[in-house]
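Please examine the structure shown below, together with its sequence. The paragraphs that follow lead through a metal site, the packing of helices and several local backbone features.

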Amino acid sequence: MGPYHPECPDRLNAIGDRLISAGLDAYLRHYTAPMATHAQLARVHGREYLATIEAASPASGLHYIDPDTALCPHSLDAARHAAGALVLATDLVARGECMTAFCAVRPPGHHAERNRAMGFCLFNNVAVGAMHALSAHGIKRVAIIDFDVHHGNGTEDVFAGDSRVLMVSTFQHPLYPYSGTDNVAANMVNIPLAAGSGSHAFRTAVREHWLPALEAQQPEILYVSAGFDAHREDPLAGLKLTEADYAWVTRELVAVADRHARGRIVSTLEGGYSLSALGRSVTEHIRELLG
Ligand SMILES: [Zn+2]
């Protein structure tokens, strides 16, 4: 995304280092993400949009889609692999080869709408995964849980009104992208939180809004848009979560998955820009996914 941009390669190094120092890495199986195919991306994005993004990929330097979102010569390939990670994770979890998966990918995806890149996001990775579950694995009910501090406007754009998919989220409001507070469809359970909110407000929203909706839907597989920028140390936003909150919410989701989805959870990295807090938070998330 260019120098000094918070969505930087060091984010993945911070996660990898912390998993090693916490002693968890030895318990993980690592996979290399394949590129998502054009057909897999086209389940989510319009063909004209895909052609526009491909044409925008520069031979050198940076091409800015908006002031936050740029392409370098390698971004398009990285974005194809990021979306492909969700396809592979879905295959592994749907076939029973893994019970849970975490996709350590960049760029993130949840701001990417059907026909618009924005907010550091080119392809909507979690949507590509969910569509793959619905299209290729005969799964009929999918839940997407988004605890990034920013509203997942892209995921809402793709799935609003699609009764096969339930989206539950919390996000700081008002904050970029300033969406999520309108009730656009019955399958969207978006809970805004005021700046300064912390553990109590977050856990109350999860207990009172997410969990009843998830129990009613009985998803066959859970997807997590796992952004960690609601952490109190994050420089881009003003919520006050800690690693303990990420561990708690992951345990709650594991319990839902155990009741309804044979334990199947595919989680993918969205935001999280304090490198130390990101590494610690992902480690606690993965510790709970491992069980
Ligand atoms: Zn975010």
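Along the chain, the donors of the zinc ion follow the spacing D-x1-H-x78-D. In this predicted model, local features need pLDDT of at least 70 and side-chain atom pairs count only at pLDDT 80 or more, while totals for chains, interfaces and linings use all residues. Residues are numbered from 1 along each chain as its sequence is written, and side-chain values use heavy atoms, with hydrogens and water left out.

The zinc ion is coordinated by Asp148 (OD), Asp148 (OD), His150 (ND1) and Asp229 (OD), at 2.0 to 2.8 Å. Donors here are N, O and S atoms within 2.8 Å of the metal (3.2 Å for Na, K and Ca); water is not among the atoms, so sites may look incomplete. The angles among the four donor atoms run from 52 to 151°, and the site is irregular. That term follows from the cut-offs: four donors count as tetrahedral if all angles lie between 85 and 135 degrees, four count as square planar and six as octahedral if opposite donors are over 155 degrees apart and all others between 65 and 115, and anything else is irregular. The site links distant parts of the chain, since His150 lies in the loop between β4 (142-146) and α6 (153-159) and Asp229 in the loop between β7 (221-226) and α8 (243-260), 79 residues apart. Helices (H or I, at least four residues) and strands (E, at least two) are DSSP runs, numbered from the N terminus. Both His150 and Asp229 are buried, a term for under 20% relative accessible area, with exposed meaning over 50% and partly exposed in between (1.4 Å probe, protein chains only).

Thr155 counts as buried because its relative accessibility is 1%. Leaving aside neighbours within four places in sequence, Thr155 is in contact with His110, Ala112, Asn124, Val126, Ile144 and Met167, where contact means heavy atoms within 4.5 Å. The C-alpha atoms of Thr155 and Val44 are separated by 9.5 Å, although the two residues are 111 residues apart along the chain.

Attention now turns to helix packing. The axes of α8 and helix α9 (residues 275-290) come within 8 Å and cross at roughly 25°; axes are lines fitted to C-alpha atoms, for helices over the stretch in contact, and angles run from 0 to 180 degrees between N-to-C directions. The two helices α8 and α9 are therefore roughly parallel to each other, given that angles under 35 degrees count as roughly parallel, over 145 as roughly antiparallel, 65 to 115 as roughly perpendicular and the rest as oblique. Residues of α8 including Tyr246 and Arg251 meet residues of α9, among them Glu284 and His285. Helix α1 (residues 10-21) also comes within 8 Å of α9, axis to axis, with a crossing of roughly 50°, so α1 and α9 are oblique to each other.

Some backbone features remain. A cis peptide bond joins Arg106 and Pro107, with omega about -5°, and Pro107 is placed in the loop between β3 (100-103) and α5 (125-136). Phe120 is in the loop between β3 and α5; its phi is near 75°, a positive value in a residue other than glycine. Phe120 counts as buried because its relative accessibility is 10%.
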